[in-house]
Amino acid sequence: MPDSSGSKLPALLSRYQDRILTDWIAAQSDVGVLRADLMREAEIRRQSRSFLSHLTAATQNGVNFDIESEQWQDVRDMLTEVTNYRVDHGFTPTETATFILALKQPIFECLRDQYKDDPQTLVEEAWSATVLLDKLGLYTNDIYLRGREEIIQRQQQEMLELSTPVVQLWDRIVALPLIGTLDSSRAQIVMENLLEAVVESKAEIVIIDITGVPTVDTLVAQHLLKTAAAAKLMGAECIISGIRPQIAQTIVHLGVELPQVATKADLQSAFAHALKRTGVTFSNR
């Protein structure tokens with residue numbers, strides 16, 4: 001971090017704030033980050049004006065350009081707001097960082113006009129501004145990545161919940177068709193959704209169909225047993241369907257036992273078994 005004790009940048013930002021703002025918005029247009037298809041121009045101007053105001057204030061409140069310090073809290077908050085807005089509206093990481101980096105040009109032009117007769121000061125101030133804006137640009141990149149990660153995690157959670165639907169097949173009979181890998185996090189959601197369905201529908205029979213589960217290993221078998229045990233504690237009998245030949249062989253080789261859990265080759269057989277268990281009979285006509 002360059003020594004900012006004698007920096008001319010605070011005075012420059014304060015004196016030429018309006019000019020810098022106008023030139024900055026024009027610079028954003030030149031580098032292609034003014035995305036009218038993703039963001040209203042009025043919002044772009046509001047964010048630019050607000051950020052430049054916070055930046056100017058932060059540089060006046062001391063000589064340290066350390067953006068992690070307390071005096072830069074408002075700037076960090078503003079950058080977080082700007083970045084999260086762009087994350088939600090589909091901007092790329094490069095476009096988001098360039099929002100800040102495009103500020104270099106108008107600042108450099110003001111420095112050049114102010115210190116064109118003093119090359120030493122011009123170079124020092126240009127370097128100081130470069131380091132500061134690069135740090136702010138990298139900060140937006142960090143915020144962007146965290147924002148995208150939160151969105152991905154939220155979408156994964158929503159997909160997990162959607163991928164574990166509990167279907168009521170008959171009075172007091174519900175089915176849970178599983179598709180894909182059953183890991184620990186998904187198994188927890190499966191159990192929660194199933195138990196909630198048991199309570200809501202007053203189910204006596206629960207069918208867990210694993211036809212769409214590609215492989216069954218020891219961990220998956222344990223998740224199934226725990227889910228069946230939890231359903232039993234709620235007063236519901238559990239039937240596991242979709243036991244294909246290769247899955248049956250795997251379970252035997254693993255030495256996994258399924259005590260007191262009925263197993264069927266397919267959902268149709270499991271449903272027929274469930275109807276018998278609940279006393280439902282059909283007469284042939």
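Predicted model: local features only at pLDDT ≥ 70, side-chain atom pairs only at ≥ 80, totals over all residues.

Q: How do the axes of α3 and α4 cross?
A: Helix α3 (residues 41-60) and helix α4 (residues 73-88) have axes that come within 9 Å and cross at roughly 160°. Helices here are DSSP runs (H or I, at least four residues), numbered from the N terminus. Axes are lines fitted to C-alpha atoms over the stretch in contact, with angles from 0 to 180 degrees between N-to-C directions.

Q: Which residues make the contact?
A: Among them are Phe-51 and Leu-55 of α3, plus Met-78 and Tyr-85 of α4; contact means heavy atoms within 4.5 Å.

Q: OK, rings. How many aromatic pairs are there?
A: Four; ring centres must lie within 6.5 Å, using the six-membered ring for Trp. Trp-24 and Phe-51 form a tilted pair, 5.9 Å centre to centre with 55° between the planes. Planes under 30 degrees apart would be stacked, over 60 edge-to-face, and the rest tilted.

Q: What does that pair tie together?
A: Trp-24 sits in helix α2 (residues 17-30) and Phe-51 in α3, so the pair links parts 27 residues apart in sequence.

Q: Are those two buried or exposed?
A: Trp-24 and Phe-51 are both buried (under 20% relative accessible area, 1.4 Å probe, protein chains only).

Q: Which residues do ring pairs link into a cluster?
A: Trp-24, Phe-51 and Phe-99.

Key
Residues numbered from 1 in each chain as written. Heavy atoms only, no water. Helix = DSSP H or I, 4+ residues; strand = E, 2+ residues; numbered from the N terminus. Buried < 20%, exposed > 50% of the residue type's maximum accessible area, 1.4 Å probe, protein only.
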